[in-house]
Amino acid sequence: MASMMDRIDFSRRCVLVTGPVIVGAGPSGLALAACLKEHGVPYAVLERADCIASLWQRRTYDRLKLHLPKKFCQLPRMPFPEDYPEYPSKRQFVEYLEEYARNFEINPRFNQAVQSARFDETSGLWRVRTTGAGAEAGNRNLEVEYICRWLVVATGENAEMVVPELEGLGEFGGEVTHACNYKSGESYRGKRVLVVGCGNSGMELALDLCDHNAFPAMVVRDSVHVLPREVMGKSTFELAVLLMKWLPLWLVDKILLLLAWLVLGDIAKYGLRRPLTGPLELKNREGQTPVLDTGALGKIKSGNVKVVPGIKRFSLGRVELVDGNVLDIDSVVLATGYRSNVPQWLQGCDFFSKDGFPKTSFPDGWKGENGLYAVGFTRRGLAGASSDAVRAASDIARLWKEEMKPCRSRPAAACHRRCISQF
């Protein structure tokens, strides 16, 4: 006990947490907190922003809707309202998450940006250092160290935007924005816009720009799978899930590609080359999500969205492409995706790889060593995050109840952990 207390830096405020510390108040963190609540396990949720689900509230475009049917996107223990449409809007999803937090009485500690988290071998506890707003009025630089037995990483796959290095971009002179800051095509009306990226976001931004009478060109550097969102009124994703119960993955991939060809036609002639690997296999192996078309392909076929190859370099008001063609453009939107930020703050741990994902693949990548858990890194959307949350909460609850047994039945170290817990 004394050695552990000696190692704590009391120059900053310390908070001793009886249960786990959850880093992140997005859907993953909320799902875990709700499951822990049902098990009766206390916890603390740390969130760097001033609201829950800041990615959804602050860094998404206005027209965004869930790409999958709502039953595949609901969090544990609480379905979407029955009157919600099959594909809820961004606003509806945020309202659902806010009601979820209220229902399970989840109260994150906002404005707590985690600077580092490290397991202390001597004490057997995690030390999580944060900076941000304190309880004192106006204090925006208070450092706090949270001491806990279990640490849950729930910061998600999309914590930080990816901005690629593009030659000459600094010389371009026009507006350059990342998709996380794009809200609507209204401000681009009448402008020539280069959309860099052809994933689900790139496709939808190009569609939105068309709807606001802009003139988008979309950079398609690599091959991409484009699937219809629905086939004969049935969700393509739901159909794939159903087929996977009876058929091998390779055969389901062939069926999906056949249906895509029947519904969408040959998209290669529009500059959209399909990968040699099937969509589901590619998703499982590399985490590359197929595009579910919501109308952008029709704009490409009509010529309202121009598909162009990779970028060679930018110059003042222009972009030169790898095929030698030059486009005059007014603005650039980078739909270049996001990445995990875990390697920036989780220290002394080899559970996560350099790209910020668990080294162990789904479905076993939710638990590490020394009380470390990961929720929301399955590359399987909200359904994967919910699965992680249920498993992690059950495991933490089992361990927590063991450590809460009377001291005489537990080793001295466990008693010490219990005695110092204050939150």
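This is a predicted model: local features need pLDDT of at least 70, side-chain atom pairs count only at pLDDT 80 or more; totals for chains, interfaces and linings use all residues.
## Lining of the second largest cavity

His67, Asn200, Met203, Glu204, Val291, Leu292, Asp293, Thr294 and Ala296 line the second largest cavity. Sorted by class, the lining of the second largest cavity comprises 4 nonpolar, 3 polar and 2 charged residues.

Two elements, helix H5 (200-211) and strand E15 (291-293), each contribute at least two residues to the lining of the second largest cavity. The volume of this second largest cavity is about 40 Å³. In total, the structure contains 2 cavities of 30 Å³ or more.

## Cis peptide bond

The peptide bond between Phe362 and Pro363 is cis, with an omega of about 10°. Pro363 is located in the loop that runs between strand E21 (338-339) and strand E22 (372-374).

## Positive phi angles

Asn111 is not a glycine, yet its phi is positive, at about 55°. This residue, Asn111, belongs to the loop between helix H4 (90-103) and strand E4 (112-120).

Arg379, likewise a residue other than glycine, has a positive phi near 60°. Arg379 is found in the loop between E22 and helix H10 (381-403). Because its relative accessibility is 27%, Arg379 is classed as partly exposed; the partly exposed class lies between the buried limit of under 20% and the exposed limit of over 50%.

Definitions and conventions:
Residues are numbered from 1 along each chain as its sequence is written. Side-chain values use heavy atoms; hydrogens and water are left out. Helices (H or I, at least four residues) and strands (E, at least two) are DSSP runs, numbered from the N terminus. Buried means under 20% relative accessible area, exposed over 50%, partly exposed in between (1.4 Å probe, protein chains only). On a 1 Å grid over the protein atoms alone, a cavity is a set of points where a 1.4 Å probe fits but cannot get out, and a pocket is an open set with protein on both sides within 12 Å along at least five of seven lines; lining residues have an atom within 4 Å of a point. Grid points are joined across faces, edges and corners, and a volume is the space filled by probe spheres set on the points. Ala, Val, Leu, Ile, Met, Phe, Trp, Tyr, Cys and Pro count as nonpolar, Asp, Glu, Lys and Arg as charged, and the others, Gly among them, as polar.
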